Structures are given as structure tokens and as C-alpha cells.
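Visitor: I am new to protein structures and would like to learn how to read one. Could you walk me through some features step by step?

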Protein chains: 2
Amino acid sequence: MKNNRLGRQTIRFENPPTILNTASIVGPKEGEGPLRDYFDKVECDDTCKEKTFEKAEEYFCNESVETLLHKERLKSGDIDYYIGGDLLNQIISTSFTAKKLGIPYFGVYSACATFAEAIQLASCIIAGEFALNIVVSASSHFSSAERQYRSPLESGVQRKMTAQWTVTGAGSMLLTQNSKPPYITHVTTGIVQDYGIKEADNMGTAMAPAAVETILSHFKDTGYKPDDYDLIITGDLGTVGKDITMDLLLREGFDVSKNYTDCGVEIYDESQDTHARGSGAGCSAVVFSGYLFDQLNKKELNKILFVPTGALLSPTTTLQGDTIPCIAHAITIENTPELGKEAK
Amino acid sequence: MKNNRLGRQTIRFENPPTILNTASIVGPKEGEGPLRDYFDKVECDDTCKEKTFEKAEEYFCNESVETLLHKERLKSGDIDYYIGGDLLNQIISTSFTAKKLGIPYFGVYSACATFAEAIQLASCIIAGEFALNIVVSASSHFSSAERQYRSPLESGVQRKMTAQWTVTGAGSMLLTQNSKPPYITHVTTGIVQDYGIKEADNMGTAMAPAAVETILSHFKDTGYKPDDYDLIITGDLGTVGKDITMDLLLREGFDVSKNYTDCGVEIYDESQDTHARGSGAGCSAVVFSGYLFDQLNKKELNKILFVPTGALLSPTTTLQGDTIPCIAHAITIENTPELGKEAK
């Protein structure tokens, strides 16, 4: 085996895949948030004139991928694989999008870390020289998620202050073999963590240990330290989970107070009354596809650790009294990689 | 890019991964069927002393992987990735198994073609030299599937003659870099097909066109003909879908009457009153992990095309009047590969 593996959980790509482009489509609430200017399209109606919220989520997913293909003047036939997933039962938003696209398709599921799983698998397939172009996507929708995971919207249940607001939107990315930055140079795949949290409206607390485990493993496997990154950004821990993550990392000797944030924290501001801010598979997908990709392209950021986080529960496991297993997958994205020069 | 791709949908592995071992655990009904002697373990009670059917399915999944590791005297720490999925919402059987295993984890979903998707992704990761050992699994459970997808068991709804019986069981496979047969030499990834079927109790008819599209693409991409294979075996089309598949392939000029069957047809016999025979993500997984792997090891079969099939519907899409999108993924498994010698 080539020297592609670092430690237990990390791959280093000697021939790193390129992120050629991204696309992001969001709903009205996300379009009122601080990142509004970075999204490709803001829908002013979150039903997108569809009859159901599930169909609306499919619209977001499909529109995101179509926008991405349009940007690069590519057709479905130019894409070797479509890899994606979403939060709905049987990942229907993604599978129905795959039906429209007509691209060889792999459905994936890591809850809100789905975008990262898709990127990691796509990176392996491209770096292994089994494909030239791969499109990945992830989506979520506030209203389809609320009625599947929590309470019917009509019942008007009061939300806890630890609850997060599921992002309505879809993000997609085109990965390719190329020599243009930004590159995906390292991927650290998560091991499921479960610290016994049972409250489905306190996901940030449940997911924080998974984020911490993956970030610590990434540092251990690569020899990188927090200062090696311009930004470390988790997926959707929200305000509660972000603080826990910073505290737990500090306890392990890693101070990330200067260069760490969370996509869920960034996508909404204080005034939007979301409580612990954003979540959902679409959250990290649109924040990356909108804001982060822009900052990498403008060289405002040159090296980031992108760590989407997911809670692998289902309404059935919650009703049956199970705790919430969580996972996080980390991806190093950089403009000027110095491969094999990890600070070991 | 190396010459790894053949046509639109197929990868040929120059350095093909080995299937080192498999494990299969099934429920009592499968243990009474014609393949009973090939399974590693037959549970005499399909609840496995768990409190819920969902927990029982998790038991099958976990037991299958633990049995596989035990056979090869490996521990979780020896495995680089665990890739798998199941039919339950949010693939909880697999994710809760991943939590127990503590292996870097990718959850996947292609409905009853999940085992094939996991094998295809694992093959790329191993052939790309990003991992040494990967465990894949897929599971299903009659009772958890019935209550999630169809009717409560207690209501005793009469089943249509086209309905299939979800297999209770889990199959798992250990893929590695090795020089021992059998090898995975080609993978053909499916494109979603939808011929407008809406009946969730007639899955064989819905899935047959997906199987046909993937098999035809495989022949086109590789230049192989039906006679190049000792056996072509689809996943869970059952008796209805098997006949449709044979007819559609014959119409395209491919006579597979001598060497084609379906895992769902083989797992039960006429006397077991299942109507159109077996289905479920566990169906192709246990038939491969039990019967087919045994036959490959004994050289009774030396080259097979394994084509698990999946219906990408959800109860929500059915209630909302959607048709059923389907997918099939094909895998060439052979004992004595002659790579690059496809009969073009």
C-alpha cells in the first residue's frame, strides 16, 4: 500500500482532488441571515410552489446541482458519479434528484455530516483515478425535518433554547482531477461517539464529543496544530455545541479560540430567533458552497479544516429510549498544499 | 487518468480487491429455506430476545460483523472502514452497529442494493490504496420493514401475490488487498430508472428495468456476454421481477435463461408461502455471504455477475403519489481474472 494513510482515521492524498466549483440555494430565512450575499440563489418562498415540503426539498437539491452544472457548462453525461444524501427517510430528496440527473448514483447518510461523507468518498474515487468528475450534494428543509423528526408545525410546540433551526437549502460541489486550487488534501473519517445524551432538541451537546474526537484524531494523525489552519469550522453544533467543543479541545491542550467557528452559528444571527442557531444536512453544505468556497477562491482563507457533524438518531430510536450516536468527518481544504510536510 | 474506466458506468480494477471472508446470520424462516446449510447462524427466534424488532435487526447486523471478525481473528482496530446500510429510517441498525464497532464509518443507502453500493465504494478505496481492510454489511428484518413500509403486523392485511417477503438477516464481507481469490474485478454503478410503477407491493416489476439497464450497460461497457459468466444473479426481484428481467434482456438480444437467477427467488421455496419470494437489503447480502461465497470458494462457480437491486421509495413518496425510482449495481466476482481481456 502506498503511504496514503496517516494514523487510524486519516488519508493524505498525494494527488489531491480539486474543488472546481460549488452551488448553494437557500430558503428565505437563510437569505435574511449574515451570509445572504454568498448564496447563488435565495428562494423567497420555502415551498418553491411545490405541493409538499418534501417536494420543495427535492427542488432545492435538484436546483443546486443544476446550477452547479450550468456554472461549469457541463451536462449530466460529463459527470461520472453523483454522491449525496439528506435527512428525509430513505434520502428521497437526493434519490429523486438522481433520477432526474441520470448519473451513476451512490446514496449516502451521515445525518448532518452527509456532505462531508460524500466529499470524502468522492475524493477517494477521484484520487484513486477511478473517475474524472464527481458531483456531491446535501440538503435539508426546516419544515420537512420538523414534521419528520419533531412535532407537526401546526401544533406550535414551544422550542427549547437548546434547539436548533434546520437550514432550508442545498449545497453541491464538483470535484475533479485538476491542478487548480483549492485542493482536498486530507480526510479524517469519524468514529461514532455516544455520550449518553437523549434529548433530540439538544443536538449541539450530543454532537460536540464527536467533533472533538475527529478534530483530535486529525491533529494526532497529521501532526497539525490549530495554528496550522486559517479556520477550523464544524458543521452544525450551534451556539451550545460550539462552546462545549472549544472547552473540550482546550481541556486536551488545543486552544482554538482564535480560529474556530461553526457553520450553524454563522448562518443566522441573534435577531433571527432560532435559539441555538442552525443545523441540518444543508447547513454545512450551503455554508461551504456559499461562503467558504468564496473565501478560499479570494485567498481570504488558504487552509481550512471543515468538520461537518451528524446525529445518527431516528424518531424510532428516540421513542425507544436510545441515546444519540454522533459522528463528525473532517476535511482539509487548502490553496497551496505542501504535501508530506505535516509538522510531525 | 489510468485506464480504469470502461464506458459510462463501469470501473475495471487493475489491482482487484479480494473478498477475504463473509458472514451471514438469518432468522428462522430463512433457516427453513433451501439455502439453510450455507448460513453461519440461524436464529430460532426473530426477536433475538430484544425488546423491539428494530433492536433485533441491530442484533443481526452486529452479530454478522462480529462473526466475520471472529472468523479472521481480527479486531475492530484492524479494520480501516466500516461501510454499510439498511432499510430502516436513518439506517439505525447499521449506525448503532458502527457505534459498537468503533471503526471509521460511512453509512450508505441504495435500498435493497445497499450491499452492492457498499462493496463498490469499498473496492474503490482498497484498489486506490487508501485502506487495507474494509468491512461492509447490509441487513433487513421482516417485522421492522413491514411496520415501517407497509401495515402493522397486528392488522393482518392480506398480501398481494406480487408482494415479496423481507428477509430477516444480515450479511457482511471483508475486503482486502491480497492475492487470494475471489476478486472483485469490475463494478458497474446504476443509474436510477423509473418506469412509472406506483404499487409498493409490486417491487419486482418496479425494479426489473433497473436491473436490465445495469446488466445491459455492464455488457456494453465491458464487451462481456451472458456466456462469459457462470452465473448472473440479481438481488431481490423475486419471481415476478425475475421473469420480467429475462424477457426484457431477451428482447435486447441477450438470452440469460441458462445462467440467470435471483437471490430473492433462491432464498425461499414454493412451500414457504411468501408469494413472490424474498426481498430486503439483507436478501442479497445473506445469499452472497452464505451461498455464493461458498460456491466461489469451492470453484463450483468461478465468475459471477452479482446485481443487487433497490427501490428508492419511502412511505412518504408513496402517500404523496410518486412513482418508484429504482437502481441496481453490478459487481463482477471471479476466481481467475484475466484483466484487460474483456471480449471486445
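Guide: Gladly! Let us begin with strand pairing: two strands pair if DSSP finds at least two bridges between them. With that in hand, look at Thr188(B), whose bridge partner in S17(B) is Ala330(B). Please keep in mind that this is a predicted model.

Visitor: How many bridges join strand S10 of chain B to S17(B)?

Guide: There are 5 bridges between S10 (residues 183–188) of chain B and S17(B), and these strands run antiparallel. S17(B) is also joined to strand S14 (residues 303–307) of chain B, by 4 bridges, again antiparallel. In that pairing, Lys303(B) stands opposite Glu334(B) of S17(B).

Visitor: And how do I read the two faces of a strand?

Guide: Here is the general idea: in a regular strand, side chains alternate between the two faces of the sheet. In S17(B), Ala330(B), Thr332(B) and Glu334(B) are on one side, while Ile331(B) and Ile333(B) are on the other, and all are buried. Since 5 of the 5 residues of S17(B) (residues 330–334) are buried, this strand is largely enclosed by the rest of the structure.

Visitor: Let me try a single residue. Is Ser172(A) buried or exposed?

Guide: Buried means under 20% relative accessible area, and Ser172(A), at 0%, therefore counts as buried. Ser172(A) is found in strand S9 (residues 169–176) of chain A. Its side chain makes a polar contact of 2.8 Å with the side chain of Ser64(A). Leaving out residues up to four places away in sequence, Ser172(A) touches several others, including Asn21(A), Leu68(A), Phe115(A) and Ser289(A).

Visitor: What should I look for in the backbone?

Guide: Now for some exceptions. A cis peptide bond joins Pro181(A) and Pro182(A), with omega about 0°. The peptide bond from Pro181(B) to Pro182(B) is cis as well, with omega near 0°. As for phi, His275(A) is not a glycine, yet has a positive value of about 70°. His275(A) is in the loop between helix H8 (263–267) and strand S13 (278–279) of chain A, and is partly exposed, with a relative accessible area of 24%. Asp273(B) also has a positive phi, of about 55°, and is exposed, with a relative accessible area of 51%.

Visitor: Finally, how do I describe where two chains meet?

Guide: The size of an interface is often given as the accessible area lost when the parts come together. Chain A and chain B bury about 5,300 Å² between them, 60% of it on carbon and sulfur atoms. Arg8(A), Gln90(A) and Phe130(A) supply 15% of the area that chain A buries against chain B, more than any other three residues. You can count contacts too: 66 residues of chain A are in contact with 66 residues of chain B.

Visitor: How many salt bridges are there between chain A and chain B?

Guide: The count is 6 salt bridges. In one salt bridge, the side chains of Arg5(A) and Asp80(B) meet at 3.7 Å, N to O.

Technical notes:
Residues are numbered from 1 along each chain as its sequence is written. Chains are lettered from A and ligands numbered from 1 in the order in which they are written. This is a predicted model: local features need pLDDT of at least 70, side-chain atom pairs count only at pLDDT 80 or more; totals for chains, interfaces and linings use all residues. Side-chain values use heavy atoms; hydrogens and water are left out. Contact means heavy atoms within 4.5 Å. Buried area is the accessible area (1.4 Å probe) that two parts lose on being put together, summed over both. A salt bridge is a side-chain nitrogen of Lys or Arg within 4 Å of a carboxyl oxygen of Asp or Glu. Buried means under 20% relative accessible area, exposed over 50%, partly exposed in between (1.4 Å probe, protein chains only). Helices (H or I, at least four residues) and strands (E, at least two) are DSSP runs, numbered from the N terminus. A polar contact is a pair of N or O atoms within 3.5 Å; within protein, one must be able to donate a hydrogen and the other to accept it, and residues adjacent in sequence count only if both atoms are side-chain atoms.
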